[in-house]
Amino acid sequence: MANLKLTRVDKVQVLTWNDGGQGNVFNGDAVGEWSAALDELENTQGNTGLVITSDDPKFFSSGLDVPWVMQQADVKPFIGQLEDFFIRLSLLNMPVVAAINGHAYAGGAVLACAADFRYMRADRGRFCFSEVKLGLAFTDPLLEVIRLLPAPGALYELALTGDAWGGDECAARGVVSAALQENDVLSAAMTRAEQLAGFDRRTYTAIKRGLRRFLVRPV
């Protein structure tokens, strides 16, 4: 994986994204890398948890690689792959915690929604569903993923206004579990993931998938 780095610290898997200053954007190659990472994670053994973070100094993820998307003769296959990835991550068979240490825009905010818990910087970075400003409606599967945010009122406002909220407002409105200083975001996410990794993995997965059963597609 060229832009994703998977490491393990005790029981916690850490997946770090850095696409070399492009903003951690989703294009065909990126979705392929993420899908390969999920293949590896799904097949790990024993109780574990996952922390998703970024090594980009500015972005957790800025969302779609718009220039790349505009070059595609037919974007539907890619959108289907992106939907499948987000649903897969939402149902991953382990606890998932997002350490949002930079801007989470559009698809980057969707990525954060797919996690079970979120921690965010208080001093820098914004959380924003910019789709309404870009003239891009959510597909039905992506709507189901963003509805995973345990803050329906905040989600309604974010989705319909395109406003960009900082960490403190996200924490106050229930979008993230806490807003912290830069050096504390990853450690807080690691602590939560380690705690959740202490639970029986099959039980945790069954409860999570039960709560998210509307995302489970027929076999």
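## Aromatic pairs and an open sheet

Phe85 counts as buried, at 2% relative accessibility; buried means under 20% relative accessible area, with a 1.4 Å probe and protein chains only. This is a predicted model, in which local features need pLDDT of at least 70, side-chain atom pairs count only at pLDDT 80 or more, and totals for chains, interfaces and linings use all residues. Residues are numbered from 1 along each chain as its sequence is written, and side-chain values use heavy atoms, without hydrogens and water.

Rings of Phe, Tyr and Trp (its six-membered ring) pair if their centres lie within 6.5 Å; planes under 30 degrees apart count as stacked, over 60 as edge-to-face and the rest as tilted.

| Pair | Centre to centre | Angle between planes | Class |
|---|---|---|---|
| Trp17 and Phe26 | 5.0 Å | 55° | tilted |
| Trp34 and Phe85 | 5.4 Å | 50° | tilted |

Trp34 belongs to helix α1 (residues 28-42) and Phe85 to helix α3 (residues 76-90), 51 residues apart. Helices (H or I, at least four residues) and strands (E, at least two) are DSSP runs, numbered from the N terminus. Trp34 is buried, with a relative accessible area of 1%, and Trp17 and Phe26 are both buried. Ring pairs link Trp17, Phe26, Trp34, Phe85 and Phe86 into a cluster.

Elsewhere, four strands form an open sheet in the order β5-β8-β10-β11, with mixed pairing; two strands pair if DSSP finds at least two bridges between them. β5 (59-61) and β11 (164-165) are the edge strands, each with a single partner strand, so one side of each has no neighbour in the sheet. Strand β10 (residues 127-128) runs antiparallel to β11, joined by two bridges.

Definitions and conventions
Buried < 20%, exposed > 50% of the residue type's maximum accessible area, 1.4 Å probe, protein only.
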